[in-house]
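Hi,

Here's the structure I said I'd pass along. Have a look, and my notes are just below.

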Amino acid sequence: MTAKERMAIEPQKMPEQDPAVRAHNMREVALGYTPEQAQREATRCLNCPTKPCMQGCPVSVNIPGFLAQATAGDFKGALATIRESSLLPAVCGRVCPQEKQCQNFCTLGKLFKDPEKAVAIGRIERFCADFSAQAGQVGGDEAFNPSSTRPHAKRVAVVGSGPASITCAADCARAGFKVTMFEAFHKPGGVLVYGIPEFRLPKAIVQREIDGLKALGVDVVTDFVVGRTLTLSDMLDDGYDAIFVGTGAGLPKFMGIEGENLVGVFSANEYLTRANLMKAYDEDHVDTPFWHGRRVAVLGGGNVAMDASRMALRLGAEKVYLVYRRSEAEMPARREEMHHAREEGVEFLMLQNAKRVLGDEQGRVKGLECLTYELGEPDASGRRSPVAVPGSEFTLDVDTVVVAVGNGANPLVAATTPGLDVDAKGHVLVDPVTRMTSIPGVFAGGDIVLGAATVILAMGEGRAAAKGMADWLNRNAGEGETK
Ligand SMILES: Cc1cc2nc3c(=O)[nH]c(=O)nc-3n(C[C@H](O)[C@H](O)[C@H](O)COP(=O)(O)OP(=O)(O)OC[C@H]3O[C@@H](n4cnc5c(N)ncnc54)[C@H](O)[C@@H]3O)c2cc1C
């Protein structure tokens, strides 16, 4: 097929649940391509010699390679190609900010001067992973099979079970190490299970990846809080030869405004954890205590704020406001999530911000006083800074406020591990190549190092740390051990 013919193919639309229906159920919003759609969308790729899309991918997936296989209908081969660089294609195909990464660099988007015309790389990636999973392969494909595993006497502990830890554990297990993963919650998966809602990332998909890890021989221990159940130093004393710390950025930040302690104010983390991990939406089967807000204000403009506001609708709120102090152009959330939130009925209040939460005599939220803002000069982040307009106060009639203005590093491991160096914000400091921390044999990666980032970056860090660990362990292997 000529380039002209490829360019003439219309971008394939993703089938989705109707907004009015999906705003009241937890089922996945985007329904996924059919095989025909996936093949047709992949055929749009021009196979540019310079492969600009790969430059936009933090883990350098061979995108033109897997698109060529999908074009030929070889979805299993396409998945194997993706898996060479990315362990979690079913997850990344759903939640990666492709519009800022690979698809942002796609030549088609540039030629048509329309980002919507870029090849839908993420959707094809998702299709390839789901297609193989439906074919019944553990972990979504055969790349999970431990065929390359060589037994090794060294023991590795992985702390946390988010994407950084999953990737590190899989790579270490494939390298032949005996790996145990320790997770504080009762379910492994990190933000993929406790934060990102079911309607965006079905939990069965995350479980599939965890099953793949177990098939590789990784022991998964839950309800184990490192720093409480045992410290990192205890674990080294117990005979772990190396430890990976992937504890994430789960410490919620608050606004520091009056009324934030009132009943009915939540961090987005708590709100989403009760709803997702503790399944508060499934009232017939669980007894998770939950505050059913009728009129909800969510503060923030990132993916977490989008998830919280859409979750509030699904939990029965009649009115949901999204309050953000800059304009839409500065919002860090994925465009698709913003579009979905709007379609479902979330009202966006741009250039506005909370000043104080108002309470009734019983200490419950009865309103939110806000201020209007204007954009001033660019700040350190390069975005124009919000400047409050004096005297512009107004009150929103709400009974619930969800604060989604960012998360800091989980502090427990650093606080209980003498000698583990962190920066002023509590991020663990690592060697840029090996990812080893200030303690020999202890490595770290993901949000605990980068600050709140993305799934794909966390995975990349987990992979880099696994390589650093393997090199270090092999260098330090004792007499008679398999190397
Ligand atoms: C609501 C929400 C929506 C998001 N949406 C997106 C999105 O659409 N796209 C995207 O790319 N990124 C998104 N992100 C960001 C992304 O999920 C994170 O960057 C990523 O999960 C970080 O991975 P991680 O492995 O470093 O840590 P995490 O996923 O945070 O996992 C850390 C794990 O460590 C465990 N842990 C912590 N302390 C201990 C301890 N002391 N002992 C044992 N276990 C411990 C935690 O319980 C947790 O399970 C979102 C984040 C949130 C909160």
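Before anything else: this is a predicted model. I'll begin with an aromatic residue. Tyr 271 comes out at 2% relative accessibility, so it counts as buried, the cut-off being under 20%. Phe 266 is buried as well, at 12%.

Phe 127 is buried at 7% relative accessibility, while Phe 131 is partly exposed at 34%. Going back to Phe 266 and Tyr 271, those two make a tilted aromatic pair, with 6.0 Å from centre to centre and 55 degrees between the planes. Phe 127 and Phe 131 also belong to one aromatic cluster with Phe 75.

Now the ligand. It has 35 residues around it, and the closest are Val 95, Glu 183, Arg 200, Val 226 and Asp 447. Sorted by class, that shell holds 19 nonpolar, 12 polar and four charged residues. Domain 2 (148–250 + 409–475) and domain 3 (253–406) both contribute to the shell, so the ligand lies between them. Helix H15 gives the most, with three residues.

- Arg 200: a side-chain N or O atom is 2.9 Å from a ligand oxygen.
- Val 226: a backbone N or O atom is 2.8 Å from a ligand nitrogen.
- Ala 453: a backbone N or O atom is 3.3 Å from a ligand oxygen.

On its own the ligand has 1,000 Å² of accessible area, and the protein covers 95% of that.

Cheers

Terms used. Residues numbered from 1 in each chain as written. Predicted model: local features only at pLDDT ≥ 70, side-chain atom pairs only at ≥ 80, totals over all residues. Heavy atoms only, no water. Near = heavy atom within 4 Å. Polar contact = N/O pair within 3.5 Å; in protein donor to acceptor, adjacent residues only side chain to side chain. Areas by Shrake-Rupley, 256 points an atom, 1.4 Å probe, with all protein chains shown as cover. Helix = DSSP H or I, 4+ residues; strand = E, 2+ residues; numbered from the N terminus. Nonpolar A, V, L, I, M, F, W, Y, C, P; charged D, E, K, R; others polar. Domains from an automatic or database assignment. Buried < 20%, exposed > 50% of the residue type's maximum accessible area, 1.4 Å probe, protein only. Phe/Tyr/Trp six-rings, centres within 6.5 Å; stacked < 30°, edge-to-face > 60°.
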